[in-house]
Every structure is written in structure tokens, then in C-alpha cells.
Amino acid sequence: MKYIYGPVPSRRLGFSLGVDLVPYKTCPFDCIYCQLGKTTDKTIARRECFPKEDILRDVRKALLLDKKIDYITFSGSGEPTLNSGIGWLAREIKKITQIPIAVLTNSSFLWDKSLREDLLPADLVVPSLDAATEEVFKAMNRPHSSLNIDKIVEGIKEFRKEFKNELWLEIMLVKGINDSKDEIEKFKELISETHPEKVHLNTVVRPPAEEFAHPLSVKELEETRDFFGENCEVIARFDKSRLDKLSLSGDIECVIIELIKRRPVTLSDIHSSLGIHRNELIKYLEILERDKKIKKVDYEGVTYYECK
Ligand code: SF4
């Protein structure tokens, strides 16, 4: 199934069946912390990236496998709302299953009324907001030149007015980039204006696109959480021993280790060799690292995995 990965265990979404709506690193942003690497196609052209009927066929097939699925999640290799078929897909999936639909978005198109309407069938939308000011927006997200932070914030506010289901705002904090006292205070104002059911604080815990993207400490995140208020929680996972109880496939673990044994490889190398979706691979690599079967090595700004 070309457009589906998982279900992968997710702390927030339980078992999440990923639906990948866009080609690899197709996104209006080029975030310094992106775990998928640098953006190769920075675009704001919303289009039917893949035939929507083919994506729906893959979802149907995945549902027939009768695996535990808590959410069908539109996310993947770039910004899912770039796919102009997203509304049709959400509506069609609703006709064939009761499993809730989640959409993870970088908020870049929420200013667009037609996109906001497309997202209304979703049960949960998680828009991210990594900046409260234009300068920080440019430094963190390196957006397409047509986007600005006011447009992003207005989009989230408009969507909140129209969307009656769950909305969780995700804020990624990067040391020295968007964690100043001023920026955090402005974030708090925006949170009170957008009324999310939850605010999720994250930081850089996976290899980022840029070496200079460093995480905040647990203490710093907790202080920010306390400042933001009681609907805010820290979702960054520092303690790998607390990774979710996973039911990952032992066979897949074995083929990943066999590959890594031969030579140090990057995430993209493993993806190209084994055809496993990057987002699913990230979960396996975290577990293998936690179990001390592999280790990460940085070489000239690139993260490689090798056996211990
Ligand atoms: S983190 Fe998300 S929004 Fe940012 S560049 Fe990567 S895919 Fe795009």
C-alpha cells in the first residue's frame, strides 16, 4: 500500500494509521527542526498530488487487515493540506468507517476558506504554530515567500470559529530561536485567542534538518507549560525507556538491523532500501536505539545509524 503506513503507535493518537497525501518533503515550510530533512519542493500550489481514488483504495485495504487503529491520520512526508483531494478523502473515509480522522497540519493554508471546509469532517485537527512574530516565523519555519505569520494566525482563529471538533495546538520550541520571554508571552496571548482544547509543547528530540536546532531542557519545557496554563502538556519524549508499549513487527526490526549491520545508513537510505515509510521507520529506529541495538552517529551534519 503506497499511501499508507502503520498503524504506528503514537503517544497522542494511540495506534495511528498514517495516510501520506504528498510526495516526500513537499511543503510550504522548511523548518529547521524537521525530522524528515530539508524541504526539496517548497510550494503553495495545492493540487491532487496523487489520484485520490488510489489513496482511498489503500485505506480500504488497510481497514480490511483488521489491525487495531485508533485514528486515521493525514500527515506523512510533507504538508498534507497541499493535497486538494483532502476534503473528498475525509468525506469518503467517513462513509466506510467509524474510526476518527486526525489531520496534522502546519497551518499554512488555514487562511483558505475552501481548505477550512475540507477539514470540517475531521474529528481532530492539530495545527502547529511555532512563532508569534514574523522574525521568528522566518527563522523557524523558513516559509514560502507568500506566507506571513499574521496570515497563519488569522487562519487558525477562523478555523477555530468554524470547527466544532477537537483542536490541539502544537508548539515546537527550539533553544535560542523561539523561546525568548517576549515570544513565549506572545504565544500565550495567541493561545487565549485561538481557544484550543489542548496545547502540546514539543522540542527537538529527533535528528533535525539543521544542526543548530537544539532542544529545550525538560525543566524549561515544564516552566513554559506551567506559564501557558492547565490545558498545556509537554509531549516531547526525552526518556526513551518510556516509549509506548509497542507492537512493532519483529520481522521488520530484523531486516532493519540486517541492513544497518552492513554499513552506516541514513533514514533515507533505509527508506530507499526497504520501502518502509520514513515516519514508520523513525518509530523503529527509536526503539532499536533504546534497546541499544543500534546507535546514531553524526557525520558532517548528517545522521547515520550503525549497529552497536
Ligand atoms: S516539520 Fe512539517 S511543516 Fe516543517 S518542513 Fe517538515 S514537513 Fe514541513
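**Exercise 1. Pairing in the sheet**

How many bridges join strand β7 to β8, and in which sense do the two strands run?

*Solution.* The model is a predicted one, in which local features need pLDDT of at least 70 and side-chain atom pairs count only at pLDDT 80 or more, whereas totals for chains, interfaces and linings use all residues. Residues are numbered from 1 along each chain as its sequence is written.

Step 1. Strands are DSSP runs of E with at least two residues, helices are runs of H or I with at least four residues, and both are numbered from the N terminus. Two strands pair if DSSP finds at least two bridges between them.

Step 2. Strand β7 (residues 124–127) is joined to β8 by 2 bridges, and the two run parallel; within this pair, V125 stands opposite L167 in β8.

Step 3. On to the next partner: β8 (residues 166–173) pairs with β9 in the parallel sense over 6 bridges, with I171 opposite L201 in β9 and M172 opposite N202 in β9. In a regular strand, side chains alternate between the two faces of the sheet.

Step 4. Both pairs belong to an open sheet of 8 strands with mixed pairing, whose order is β1-β2-β5-β6-β7-β8-β9-β10. Its edge strands, each pairing on one side only, are β1 (4–10) and β10 (232–234). Neighbouring strands of this sheet are turned by 25° against each other on average, direction ignored, where axes are lines fitted to C-alpha atoms, for helices over the stretch in contact, and angles run from 0 to 180 degrees between N-to-C directions.

Step 5. Elsewhere in the sheet, strand β2 (residues 14–20) pairs with strand β5 (residues 71–75) in the parallel sense over 5 bridges, and V19 stands opposite F74 in β5.

**Exercise 2. Burial of two strands**

How many residues of β8 are buried, and how many of strand β9?

*Solution.* Step 1. With C-beta atoms placed from the backbone, a residue is buried if 20 or more other C-beta atoms lie within 10 Å of its own, exposed if 12 or fewer, and partly exposed in between.

Step 1. By this criterion β8 is mostly covered, with 7 of its 8 residues buried. In strand β9 (residues 198–203), 5 of the 6 residues are buried, so this strand is largely enclosed by the rest of the structure. For the protein as a whole, 40% of the 308 residues count as buried.

**Exercise 3. Backbone exceptions**

Which residues does a cis peptide bond join, and where are K25 and K292 found?

*Solution.* Step 1. The cis peptide bond joins G6 and P7, with omega about 10°, and P7 is found in strand β1.

Step 1. K25, a residue other than glycine, has a positive phi near 55°; K25 is found in the loop between β2 and β3 (26–27) and is partly exposed, with 19 other C-beta atoms within 10 Å.

Step 2. K292 has a positive phi of about 60° although it is not a glycine. K292 lies in the loop between α10 (278–290) and β11 (294–299), and is exposed, with 8 other C-beta atoms within 10 Å.

**Exercise 4. The ligand shell**

Which residues surround the ligand?

*Solution.* Counting a residue as near a molecule or strand if its C-beta atom, placed from the backbone, lies within 6 Å of it, the ligand is surrounded by C27, F29, D30, C31, C34, L36, T39, G78, E79 and N106.
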